[in-house]
Amino acid sequence: PELEFVLSHGERGRQPKTAYTIFRQSGYAVFRSDWSQTPANAAYLFFAAGFHSRTHKQADDFTFEWADHGCELVIDSGKFRYDKKSPHRQYAMSTRAHNTVEIDGRDYSRYRLDAFGSAIAAGGMGDGAYFVEAQVDRKRFFQTQHRRVLVFQPGRWLAVIDQLSSPNPHTYTQWFHLAPDLAVQRQGREFIAALPDGDNVLRILPLKSSGGLETSLVRGQTEPRLQGWTSLNYGELTPNHAVSYTTRGREAAFVTLLWLGDRRDQLLPAHAHFDEDSAAIHVRWQLNGRDEGFDYSRNGQETKLTLLKSLPLAQGDPDSVAR
């Protein structure tokens, strides 16, 4: 009945009890806005953190896709075509072609020896927003531990948090690939893209100050390497904007806010910090002079998410904060 409800756009069947699903064993998480939203306008977030075999595997650990306000926002690279020798195929499968963190300009392993199963440690809903957390220890090649947390309020914002640590220094780059029809401009360390409706914008800005944080904006780049492309059709590449933040060291922490709203709104970063003893995360920003943000913490199987400004999600399940 729930599937019939979705396929018939609510005309038949039974409305699902929740608007998200966490596939803990598979390593996938899917979130959407409440069921009053039509499929054309609903928000949708898909997160991938599973590596079980080499079959159909790309070097895309911890990547995500996001659609909202009736349009695609953060997208996948596609597959190009099944030609292992093609540089375009190699790009489509690469780490830098996905919405994740690239280390030292290299791809994540796709060898079965390095398969980690599911990396999802927690996921669910709390205090008016969704969340998912994944962790992996890359023992070979990079010797780097990676923790990613997504906190999502459909129709409003998505926070992408990455913590990486290694006994050796590395170059860490956090990539975001935007839909081809979004024209992106850079303003300092912030990136702004106008949405097709003409009134709203997507703004991408770092909330955590990091020494030596570098930014880049590319579209349809061929040299020194392919970047800023997506494969919408089989065997074809379409240029799109790719934005990134880069830092270097043994440890790195990215806290990046992807925010949706009126172009006239005043959005400013406030601060973000981590409690070293509890692994709690505190994230803040200012919207039109008012503080917004959230606190996130996980202790074993108990996860807590608290928003400064709670806006309840319809059709949610507030008791399931750790699935």
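Tutor: Gladly; we will take the terms in turn and set each value against its definition. This is a predicted model, in which local features need pLDDT of at least 70, side-chain atom pairs count only at pLDDT 80 or more, and totals for chains, interfaces and linings use all residues. Residues are numbered from 1 along each chain as its sequence is written, and side-chain values use heavy atoms, with hydrogens and water left out.

Student: What makes E20 and E21 a pair of strands?

Tutor: Strands (E, at least two residues) are DSSP runs numbered from the N terminus, as are helices (H or I, at least four). Two strands pair if DSSP finds at least two bridges between them. E20 and E21 have seven bridges, in the antiparallel sense, so they meet the definition. Leu267 is opposite Leu287 of E21.

Student: How do you know that E22 pairs with both E21 and E23?

Tutor: Count the bridges again. Strand E21 (residues 281-287) and strand E22 (residues 290-299) are antiparallel over seven bridges, with Val283 partnered by Phe294 in E22. Six bridges join E22 to strand E23 (residues 302-307), also antiparallel, and Asn299 faces Glu302 in E23.

Student: Which residues take a positive phi in the two hairpins?

Tutor: Asn288 does in the hairpin of E21 and E22, with phi near 50° and two residues between the strands. In the hairpin of E22 and E23, which has two residues between the strands, Gly300 has a positive phi near 65°.

Student: Why are E20 and E23 called edge strands?

Tutor: The four strands form an open antiparallel sheet in the order E20-E21-E22-E23. Strand E20 (267-274) and E23 each pair on one side only, and are the edge strands. The twist averages 10° from one strand to the next; axes here are lines fitted to C-alpha atoms, for helices over the stretch in contact, and angles run from 0 to 180 degrees between N-to-C directions.

Student: Why is Gln174 called buried?

Tutor: Buried means under 20% relative accessible area, exposed over 50%, and partly exposed in between (1.4 Å probe, protein chains only). Gln174, in strand E12 (residues 157-177), has 0% relative accessibility, so it counts as buried.

Student: What makes the link between Gln174 and Thr256 a polar contact?

Tutor: The term asks for a pair of N or O atoms within 3.5 Å; within protein, one must be able to donate a hydrogen and the other to accept it, and residues adjacent in sequence count only if both atoms are side-chain atoms. The side chains of Gln174 and Thr256 are joined at 2.6 Å.

Student: Is Arg147 buried or exposed?

Tutor: Arg147 is in strand E11 (residues 144-153), and its relative accessibility is 9%, so Arg147 is buried. Its side chain makes polar contacts with those of Glu133, at 2.9 Å, and Gln163, at 2.6 Å.

Student: What makes a group of residues a nonpolar core?

Tutor: Its members are buried Ala, Val, Leu, Ile, Met, Phe, Trp, Tyr and Cys residues joined through side-chain atoms within 4.5 Å. In the largest core, of 53 residues, Phe47, Phe64 and Trp66 touch the most other members. Strand E19 (residues 241-262) gives the largest share, six residues. Apart from this core lies another of 25 residues, including Tyr296 and Leu305.
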